Amino acid sequence: MVEVATRLRAGFTGVERWLEKEREQVPLWAPIALGVGIAAWFALPHRMAWLAFCCGALALGCVGVLLPEGARLRRMMVAGGVLACMGCVLIWGKALLLGEPPLARATFVQVTGDVLSVRAVPAQQMVRAMLRPVAVPTLPKVIRVNIAESDVPDGLGEGARIRFRVRLMPPAPPSVPGGYDFAARAYFQGIGATGKALKPIEMVRPATGAPPLRARLFAHIAGQVDDPAKGIAIALATGDQGAIAEVDAEAMRNSGLAHLLSISGLHVTALIGAVIFLLMRVMALSRRAALDWPLMLIAATGGALAGVGYTLLTGAEVPTVRSCIAALLVLGGLAMGRDAITLRLVATGALIVLLFWPEALVGPSFQMSFAAVTALVALAEHKRFRAFAAARDEARWRKVGRMLLVTLATGFVIELVLMPIALFHFHKAGMLGAFANIVAIPLTTFVVMPLEALALLFDLVGLGAPFWWLTQQALTLLLMIAHGVSASPWATMLTPSVPTFVFAGMMAGLLWCLLWRSRWRWLGLGPVGAGVITIILLSPPDILVTGDGRHVAVRTPDGRMAILRAGAGDYVRDVLSESAGYDGALEPIARLPQARCSSDLCAVGLIAGGRPWQLLVTRSDMLVDRATFARDCAAADIVIADRGLPRWCRPRWLKIDRRLLARTGGMAIDLDHATIRTVRQAGDAHPWIAPIPKRSRRYGPSKLRSFDARPRPQL
């Protein structure tokens, strides 16, 4: 016992020495602790688990109190436990108080609603309107409807009242594991139902006021720039990407240039820097101002006002708010004569965003924005990189070469940090973004944005046409770069859905590497390397089933993917392809040589794990002869249907029908390892998730585990 106590004291002393060396970095972990509590609320399935986490976090703080007084580890454990508990309680409370419960079930109804906002989406030939239903207490407080461009009535705008018929649906959960969870995002945005308005759409009361400035700016730019550059020009000025064609948006994503379309640090910094530069030059024209006025303070104030106005104009999205907060802190530091561009600035911005918008933590926008900035600042603070990038008296060609190398290095670092986030959320990551950004970032910052600003300014006197023409040419060049890089076979890396625990481990390792400064920081490469190996070795699912059971995709022995319904839309095909990490076209299952299909059923033979598997899928709503269906069920290993299957349908391994899917959501089945991933966890009590119908509760996780455990018979 004495020896153990001695070793514990020695270990504690060593940790304290290390924390003393890292004392400047310790506060950076405050937003991480708060974020752990928020993430735990999203990851854990029900109230008792949330309460248990809070108790565990507070228990950690209590253990810290037992450590010697004044120890840094004690303060970290107490503060970390309290902040983690606060994060869980914060998002839990916001969900209870401010979220909008979803519509209980799909319903066809006539709605009279007051228009809260209108957003044009020219790329999809529709208008998206947010409405507050009038005198319909059974509907959510706010619904979102899509209106075809040809059906938009005159006078539609904020404050109008319209009447129409619509089939309202609850916001959609992920179709398959790893898919986009619109239901969670809609809950915190206050959207309780979505649908498409059917004509005729009656205008009960037209909008009386002028459209918002953002809408007027959208319409003005759309009239000045031609396709395809029009959508990019609108996005740079307003943050609205609704006018960008999908083919161009996909090229921007694959080439690593999509960040240029989201109003964030690049755009806010460019605007504030331009305002400060102009104000300093204008005030310097006056001798009295140059000698007596605090020019930097005045210019910083003007830049701050411009940044706040730009943030409000572009919709105050999380990346813009984060960038604006960071810019204001930097300007405050510069006005006081201090160096404000540090990781503490990033941590302060993260704390503010998490306190007001805790739900943003689980979204790709927050994660990519803060990860990129953290990596950039951490690299800039590194002594060797700072020494290499520092200005010096040298030949012009060496200076240009040094600038290119610095830009390339920062691009590589940012791409590496963002890769796990992109793979987790989008199942693909850009590989050539660092090279594309060498040209695209200077082109956007120093050519496109100044030209567009001058065009808008000269439009006040009717002389903006030449600047709009130049802007269009520059944007056309930007799109050429995007499409050229995107066309390369090395442009993107695809992967199946990444498990949450793998992503969490990689992010923890990256943060450990970025936030500490001593040699112990490199311990974070362990979980990062383990995550990379896991992703490389990920086994793509052999069968994907959407939550409604209508769409099924299977992997053929030659590695291709086939889909059950040949008429499935592009959205369904994209979701299934991305979740499977597949980049080819989905062919119909009926065309596979190993498939036998009728108008009602498809029997497909698969090979996985060195064994043959027999899959039976329904493809119509028609009643199938009992004797035939019972025989086919008994011969199949897996049966999948979008209806409720009878008890006498007994496949050899797994029966997936409407009742089971109501409890589990979409499924991804790996036949090699006989494992199943589902969208929903057992007892998931998050408020945007619809309760399980009573008739489906007997198909619980225990039943699914019994299927998993059933031995696979030799065929």
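**Close-up views of a predicted model**

A search of the whole structure finds 21 aromatic pairs, where rings of Phe, Tyr and Trp (its six-membered ring) pair if their centres lie within 6.5 Å. This is a predicted model, in which local features need pLDDT of at least 70 and side-chain atom pairs count only at pLDDT 80 or more, while totals for chains, interfaces and linings use all residues. Residues are numbered from 1 along each chain as its sequence is written, and side-chain values use heavy atoms, with hydrogens and water left out.

**View 1. The aromatic pair of Phe 366 and Phe 370.** The two rings form a tilted pair, 4.6 Å centre to centre with 40° between the planes. Planes under 30 degrees apart count as stacked, over 60 as edge-to-face and the rest as tilted. Phe 366 and Phe 370 are separated by about one helical turn because they stand four residues apart in helix H14 (residues 364-381). Helices (H or I, at least four residues) and strands (E, at least two) are DSSP runs, numbered from the N terminus. An α-helix has 3.6 residues a turn, so residues three or four places apart point the same way. Both Phe 366 and Phe 370 are buried; buried means under 20% relative accessible area, exposed over 50% and partly exposed in between (1.4 Å probe, protein chains only).

View 2. Trp 41, Phe 42, Trp 50, Trp 92, Tyr 187, Phe 188 and Trp 688 form one aromatic cluster. Helix H5 (residues 182-189) is largely enclosed by the rest of the structure, because six of its eight residues are buried.

**View 3. The crossing of helices H19 and H20.** The axes of helix H19 (residues 500-515) and helix H20 (residues 525-536) come within 7 Å and cross at roughly 145°. Axes are lines fitted to C-alpha atoms, for helices over the stretch in contact, and angles run from 0 to 180 degrees between N-to-C directions. The crossing of H19 and H20 is left-handed, a term used if the near helix is turned anticlockwise from the far one by less than a right angle. On the H19 side, Val 502, Gly 505, Met 506, Gly 509, Leu 510 and Cys 513 take part. They meet Leu 525, Pro 527, Val 528, Gly 531, Val 532, Thr 534 and Ile 535 in H20. By class, this contact of H19 with H20 has nine nonpolar, four polar and no charged residues. Here Ala, Val, Leu, Ile, Met, Phe, Trp, Tyr, Cys and Pro count as nonpolar, Asp, Glu, Lys and Arg as charged, and the others, Gly among them, as polar.

**View 4. The side chain of Arg 521 and the ring of Trp 522.** Arg 521 lies over the face of Trp 522, at 5.0 Å from the ring centre. A charge sits over a ring if NZ of Lys or CZ of Arg is within 6 Å of the ring centre and within 35 degrees of the ring normal.

View 5. Most residues other than glycine have a negative phi, and most peptide bonds are trans. A cis peptide bond joins Lys 199 and Pro 200, with omega about 5°, and Pro 200 is found in strand E5. The peptide bond from Asp 227 to Pro 228 is also cis, with omega near -5°. Pro 228 has its place in the loop between helix H6 (213-222) and helix H7 (229-238). Gln 125, which is not a glycine, has a positive phi of about 55°. Gln 125 is in the loop between strand E1 (107-121) and strand E2 (126-133), and is exposed, with a relative accessible area of 57%. Ala 135 has a phi near 60°, belongs to the loop between E2 and E3, and counts as exposed at 76% relative accessibility.

**View 6. The surroundings of Glu 16.** Glu 16 has its place in helix H1 (residues 2-21) and counts as buried at 16% relative accessibility. Leaving aside neighbours within four places in sequence, Glu 16 is in contact with Ala 71, Arg 72 and Leu 73. Glu 16 and Arg 74 are 58 residues apart in sequence and 9.7 Å apart in space, C-alpha to C-alpha.

Terms used:
Contact = heavy atoms within 4.5 Å.
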